[in-house]
Amino acid sequence: QVQLVESGGGLVQAGGSLTLSCAASGSKERINAMAWYRQAPGKQRELVAGITRGARTNYADSVKGRFTISRDNAKNMVFLQMNSLKPEDTAIYYCAAGTYVTITTFIAATWGQGTQVTVSS
């Protein structure tokens, strides 16, 4: 059973940057695809960015050009570099491990507990 632990959230001013980290542990099997989701108050959870084990990535249109997802397979970690942050990026950010069933459709199997990102205007 994979466990995911996120870190790196916090409070930042608009235009600033944050880097989220997610460490995976507890599984002897290789972790396939990983992704970051977010959920703002009163909104549905949405996929922000995903990355396959081979480092193919996809992004939500709202974060393209501002966020970068990356991973370290040797350390079983995934990162989300967030630049030019906007108040509308405020949300709880969740790490997920799962599978891409199509090029853009990610199915999450395991979730982290989430980390709060707050962007002030």
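Guide: Two strands pair if DSSP finds at least two bridges between them. The strands themselves are DSSP runs of E, at least two residues long, numbered from the N terminus; helices are runs of H or I of at least four.

Visitor: Fine. What kind of model is this?

Guide: This is a predicted model, in which local features need pLDDT of at least 70 and side-chain atom pairs count only at pLDDT 80 or more, while totals for chains, interfaces and linings use all residues. Residues are numbered from 1 along each chain as its sequence is written, and side-chain values use heavy atoms, with hydrogens and water left out.

Visitor: Start with β3 and β8. How many bridges join them?

Guide: Six, and the two strands run antiparallel. Within that pairing, Cys22 stands opposite Val78 in β8.

Visitor: Which strand order does the open sheet have?

Guide: The order is β1-β3-β8-β7, four strands with antiparallel pairing. β1 (3–7) and β7 are the edge strands, each pairing on one side only. On average, neighbouring strands are turned by 15° against each other, direction ignored. That angle is taken between N-to-C directions, on a scale from 0 to 180 degrees, with axes that are lines fitted to C-alpha atoms (for helices, over the stretch in contact).

Visitor: Back to Cys22. What does Cys22 form with Cys95?

Guide: A disulfide, with the sulfur atoms 2.1 Å apart; the cut-off for a disulfide is a pair of cysteine sulfur atoms within 2.5 Å. The structure holds one.

Visitor: Why is the disulfide called left-handed?

Guide: Because the torsion about the S-S bond of Cys22 and Cys95 is about -80°. Cys22 lies in strand β3 and Cys95 in strand β9, so the pair ties together parts 73 residues apart in sequence.

Visitor: Is Cys22 buried or exposed?

Guide: Cys22 is buried, and Cys95 is too. Buried means under 20% relative accessible area, exposed means over 50%, and partly exposed is in between, using a 1.4 Å probe and protein chains only.

Visitor: And β9, how many of its residues are buried?

Guide: Eight of its ten, so the strand is mostly covered.

Visitor: Which strands does β9 run beside? Take β4: how many bridges are there?

Guide: Seven, in the antiparallel sense. Ala35 stands opposite Ala96 in β9. With β11, β9 has three bridges, again antiparallel; there, Ile92 has Gln116 as its bridge partner. Five bridges join β9 to strand β10 (residues 106–111), also antiparallel, and Ala96 has Trp111 in β10 as bridge partner.

Visitor: What do β9 and β10 form together?

Guide: A hairpin, with five residues between the strands.

Visitor: Change of topic. How many residues are in the largest nonpolar core?

Guide: There are 28, and those with the most contacts inside it are Met34, Trp36, Leu80, Met82 and Tyr93. The strands that each supply at least two residues of this core include β3 (18–25), β4 (33–39), β8 (77–82) and β9 (91–100). Apart from it lies another core of seven residues, among them Ala33, Tyr37, Tyr94 and Phe106. A nonpolar core here is a set of buried Ala, Val, Leu, Ile, Met, Phe, Trp, Tyr and Cys residues joined through side-chain atoms within 4.5 Å.

Visitor: Now charges. How many salt bridges are there in the whole structure?

Guide: Four, where a salt bridge is a side-chain nitrogen of Lys or Arg within 4 Å of a carboxyl oxygen of Asp or Glu.

Visitor: Which residues are linked in a network?

Guide: Arg38, Glu46, Arg66 and Asp89. Within it, Glu46 meets Arg38 at 2.7 Å, N to O, and Arg38 meets Asp89 at 2.9 Å, N to O. Arg38 lies in strand β4 and Asp89 in the loop between β8 and β9, so that pair ties together parts 51 residues apart in sequence.

Visitor: How accessible are those side chains? Is Asp89 buried or exposed?

Guide: Asp89 is buried, as is Arg38. Arg38 has 6% relative accessibility, while Glu46, at 33%, counts as partly exposed.

Visitor: What about Asp61 and Lys64, what do their side chains meet in?

Guide: A salt bridge at 3.1 Å, N to O. Both ends are exposed: Asp61 has a relative accessible area of 65% and Lys64 one of 51%.
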